[in-house]
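Reader: Hi! Could you show me how to read pockets and packing in a protein model?
Author: Gladly. Let us look together.

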Amino acid sequence: ISATLRVMGDVELDLAAALGAEAEASFQVLSIYLPNKDRHGTEFDASPWIKEAGELLFRIGGGATVMPPQEGVTADEFGAPMWERTVVVYSYVTDALVGELPALRAFLHRYGRTTNQREVGVSLAGAGESLFFRIKTFD
């Protein structure tokens with residue numbers, strides 16, 4: 001996507017040139033949500049999963065950011081609220097996403113299956129849209 005923007009009415013601004021950046025800009029962010037509890041509320045060490053997600057998203061976007069754990073609430077297996085600490089790992093998407101889709105799917109399903117998740121969340125946001133996907137059945 002081009003980084004040329006309209007600002008203050010009819011003024012066009014080439015933000016990439018103004019910043020001294022590459023001409024092409026990424027506009028979609030892929031995020032993986034990694035909680036530290038399974039569907040029963042049992043805590044586990046999510047750090048190996050966080051590292052693997054970061055390396056996977058590095059291949060997809062050329063870099064990745066790991067957010068500090070945040071308190072979150074989701075439903076347990078009975079639909080009751082369950083508090084957990086969730087880490088979000090994200091990257092801006094490049095064309096490498098297409099080639100990495102099989103690895104991304106394999107990671108998400110293995111995480112869900114191995115850590116006994118009720119569901120695994122992944123989102124894609126940008127260009128005026130925000131999509132959140134819930135994976136509930138694991139390969």
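Author: First, a word on residue classes: Ala, Val, Leu, Ile, Met, Phe, Trp, Tyr, Cys and Pro count as nonpolar, Asp, Glu, Lys and Arg as charged, and the others, Gly among them, as polar. This is a predicted model, where local features need pLDDT of at least 70, side-chain atom pairs count only at pLDDT 80 or more, and totals for chains, interfaces and linings use all residues. Residues are numbered from 1 along each chain as its sequence is written, and side-chain values use heavy atoms, leaving out hydrogens and water.

Reader: How do I find empty space?
Author: Rolling a probe the size of a water molecule over the atoms shows where empty space is left. On a 1 Å grid over the protein atoms alone, a pocket is an open set of points where a 1.4 Å probe fits, with protein on both sides within 12 Å along at least five of seven lines; lining residues have an atom within 4 Å of a point. Here, the largest pocket holds about 320 Å³, a volume being the space filled by probe spheres set on the points, which are joined across faces, edges and corners.

Reader: Which residues lie nearest the centre of the largest pocket?
Author: Pro35, Thr74, Glu84, Thr86 and Glu119, out of 21 lining residues. The lining divides into eight nonpolar, six polar and seven charged residues. β5 gives the most, six residues; strands are DSSP runs of E (at least two residues) and helices of H or I (at least four), numbered from the N terminus.

Reader: And what lines the second largest pocket?
Author: Nine nonpolar residues, one polar and one charged. Its volume is about 200 Å³, and α3 brings the largest share of the lining, five residues. Among the lining residues are Leu30, Leu104 and Leu108.

Reader: Which residues touch the most other members of the largest nonpolar core?
Author: A nonpolar core joins buried Ala, Val, Leu, Ile, Met, Phe, Trp, Tyr and Cys residues through side-chain atoms within 4.5 Å. Of its 23 residues here, Leu30, Ile32, Leu34, Val89, Leu104, Phe107 and Leu108 touch the most other members. α2 gives the most to this core, six residues.

Reader: Is Gln117 buried or exposed?
Author: Buried means under 20% relative accessible area, exposed over 50%, partly exposed in between (1.4 Å probe, protein chains only). Gln117 counts as buried because its relative accessible area is 4%. Gln117 sits in the loop between α3 and β7, and its side chain reaches the backbone oxygen of Lys37 at 3.0 Å.

Note on methods:
Polar contact = N/O pair within 3.5 Å; in protein donor to acceptor, adjacent residues only side chain to side chain.
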